[in-house]
Amino acid sequence: MATLEIETQPRLLSAPPITVSPFRHARRTRKRLALISSHDDLCGIAAYTRSLKKQLDDVFDVMVFDLDQYLLRSSHSRVRKFGDRHIQDICREIREYDAVNLQLEHGTLGRGCHDIHRRFSWILRASPRLSVTFHTVFQCEAFNYRQYFREISKRNFANAIAMRAQYRREHLLSAGLASRLRRAQRFKPVTLIVHTRRDLWQMKFAYGMRNVYDHPLAFLSAAEAAEIRRAASRKKFPVLDDVPTESKLIGVFGFLGRYKGFDTVVRALHHLPEDYHLLIFGGVHPNEIKPHQPVDPVVSSLFDAGYVDTSVAERIRSNTMGTVPAVSVAVDSSMRDLLIEHPKDLSDRIHFMGAQSDADFLSGMAICTAVVFPYLEAGQSSSGPISQALELGCRVIASRTHTFIQLSRYHHKMIEFFDIGNHLELAGRIRSRPQFDRREHFPAFNVETNKAVYLAANGAHAATSRVTV
C-alpha cells in the first residue's frame with residue numbers, strides 16, 4: 001500500500017519587478033529535474049524513462065537529456081572525442097537544474113570502462129544534486145590470484161590477461177564508481193536508487209554508501225493497465241489470423257539473445273497439447289546484425305529446438321556427422337513423408353511477432369494465457385517486461401534467476417518459478433492450473449510508490465512521501 005501526500009501552499013512573495021519576464025518567473029515556480037538517459041526507442045531504459053517522466057511531470061519541470069549512443073559507444077578515437085564533448089555539453093546544461101537523475105546502465109556511457117568512469121565523473125561533478133538509478137550493480141569479488149597463477153603456470157597467458165582485464169573493468173565500474181559517489185556525498189546531496197534488496201545491501205555494506213533506496217521498475221498506473229487489458233485483442237496482430245480462436249497463447253518478450261532462454265520454451269512446447277501456441281514478441285537487436293550473416297545464431301537455435309524445416313534423415317545426418325561411417329538407407333513410399341517433414345516440426349505453433357511498438361508490446365502480453373521469462377542467469381538487476389506483465393495482471397512464469405527471486409520479494413505470490421533450462425518443468429507449469437489466484441488489486445509496489453522514491457531522492461520538499469508494505 002502506498003500513499004503520496006503533496007502539500008501545495010501559496011508562497012507569500014511580493015509581485016515580481018516589472019523588469020522581470022513573467023514567463024521566466026512562471027517557469028521557476030517548480031523545481032527543475034534533469035533526466036539523463038538513453039532515449040532510443042529500441043532501449044528498455046528509454047521506455048522506463050518515458051514512464052518516469054510522466055510520473056514526475058506534476059511535481060517537477062522535467063527535461064530529458066538523451067545520451068547519443070552512436071557517439072558514446074564508438075571505439076573510433078575521433079568519435080570518442082565527440083562523445084566526450086557530448087557529455088560536457090550536457091554537464092554545462094545540468095548545472096542550472098535543481099536536481100539531476102542519471103539512469104545508469106554502464107554501457108550507455110561508453111564501450112570502454114575508462115570512458116564510462118570519466119564521463120560518469122563529469123556528470124557527478126556538474127550536478128548540484130544527483131540521484132543515480134543503477135540498472136546493473138556489478139558484484140565484484142576479490143581477485144582470484146590462485147586461478148590467475150595457475151593459468152600462468154600452464155602458459156595460458158591469454159586467459160590470465162583476460163582474467164585481469166575483466167577484474168579491472170568490474171572493479172572500476174563497481175568499487176571505482178562507488179568511491180567517487182561516497183566522496184561526493186560529503187559535499188553535496190547524492191542518492192542512489194537500485195531495483196533489488198540484494199543491490200541495496202551491496203551498496204550499503206560492501207561499498208559504504210548512504211542514502212540508498214530500493215524499488216522495482218514500475219511503468220503503468222492502474223488506469224493505464226485497465227485500459228490496455230480492455231483494448232487488447234488478437235485482431236491487432238495479423239500474424240494470428242490463422243490461429244484458432246480457442247488456442248492457448250504463450251508469450252515471450254524482448255530482443256532475441258542467448259541469455260533470454262527462448263529455446264527452453266520451444267522445447268517445452270513439444271510436451272504441450274497442440275492447442276498451445278508460442279508467440280515471440282521481439283526480433284534480433286540492431287547491434288547484433290552482422291554483414292552477410294544468413295540467419296542469426298539465436299534464430300537458428302530456435303529453429304533447431306523446434307525441428308523447423310528439417311527431415312528425419314537430415315537430423316540424423318547432422319547428429320552423426322563425422323562420428324560414424326556414412327550409411328545408405330532404402331525406404332519405400334510409405335516412409336517418404338519422414339524424408340520431407342519431421343514429425344516434431346513446430347512451424348505451425350511458433351509465431352514470430354517481430355519488434356513491436358510499446359503499445360502493441362503491452363497488448364501482446366494482455367492477450368496471452370501465460371507470459372514466460374525463461375532467462376539464464378546473467379547478473380542483471382532488473383527486467384522491464386516482467387514488471388509490465390505483473391502490472392497488467394498476467395499469469396507470469398519465470399526461471400529461478402537471482403533477479404526474479406529478488407523481484408518476487410516485492411511482488412509476493414505473483415510469480416511462478418521453474419528451474420533454469422528445465423523445459424519439462426516449464427511444460428508442466430504451463431499446463432497446470434495457476435499456482436496463485438488471479439489478483440484484482442494493483443501491485444503493492446507501483447508507479448505511486450516509485451514516484452515517492454524519486455521525490456525523496458531528488459529533494460521535493462513540497463511532497464511528503466510515506467510507503468507502507
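At what angle do helix 6 (residues 145–153) and helix 7 pack, and how far apart are their axes? Select both: they pack at about 155°, with axes 7 Å apart. Axes here are lines fitted to C-alpha atoms, for helices over the stretch in contact, and angles run from 0 to 180 degrees between N-to-C directions.

Before going on, a word about the model. It is predicted, so local features need pLDDT of at least 70 and side-chain atom pairs count only at pLDDT 80 or more, while totals for chains, interfaces and linings use all residues. Residues are numbered from 1 along each chain as its sequence is written, and side-chain values use heavy atoms, with hydrogens and water left out. Helices (H or I, at least four residues) and strands (E, at least two) are DSSP runs numbered from the N terminus.

**Stop 1: helix 6 on helix 7**

Show the side chains of Tyr145, Gln147, Tyr148, Glu151 and Ile152 in helix 6, which meet Phe157, Asn159, Ala160, Met163 and Arg164 in helix 7. Contact means heavy atoms within 4.5 Å. By class, this contact has six nonpolar, two polar and two charged residues. Ala, Val, Leu, Ile, Met, Phe, Trp, Tyr, Cys and Pro count as nonpolar, Asp, Glu, Lys and Arg as charged, and the others, Gly among them, as polar.

**Stop 2: helix 5 on helix 7**

On the helix 5 side, the contact residues include Phe120 and Leu124; on helix 7, look for Leu173 and Leu177 among them. Nine nonpolar, four polar and three charged residues make up the contact of helix 5 with helix 7.

**Stop 3**

Six of them form an open sheet in the order 3-2-4-5-6-7, with parallel pairing; two strands pair if DSSP finds at least two bridges between them. Strand 3 (61–66) and strand 7 (212–214) stand at the edges, each with a single partner strand, so one side of each lacks a neighbour in the sheet. Zoom in on strand 5 (residues 130–134) and strand 6 (residues 190–194), which are joined by four bridges. Leucine 130 stands opposite valine 190 in strand 6.

Bring back helix 7 (residues 157–184), which lies across strand 4 (99–104), strand 5 and strand 6. Helix 18 (residues 447–457) also lies across strands, namely strand 4, strand 5, strand 6 and strand 7.

**Stop 3: helix 2 on helix 18**

Keep helix 18 and select helix 2 (residues 44–56); the two pack at about 80°, with their axes 10 Å apart. Helix 2 and helix 18 are therefore roughly perpendicular to each other. Tyr48 and Leu52 of helix 2 are among the contact residues, as are Tyr454 and Leu455 of helix 18.

**Stop 4: two loop residues**

Is arginine 395 buried or exposed? Find it in the loop between helix 15 (384–391) and strand 12 (396–399). Arginine 395 is buried, with a relative accessible area of 15%. Buried means under 20%, exposed over 50%, and partly exposed in between (1.4 Å probe, protein chains only). Residues that arginine 395 touches include Glu416, Arg429 and Arg433.

Finish at threonine 245, in the loop between helix 9 (222–231) and strand 8 (248–253). Threonine 245 counts as exposed, at 70% relative accessibility.

Terms used: Parallel < 35°, antiparallel > 145°, perpendicular 65-115°, else oblique. Lists of a residue's contacts leave out its neighbours within four places in sequence.
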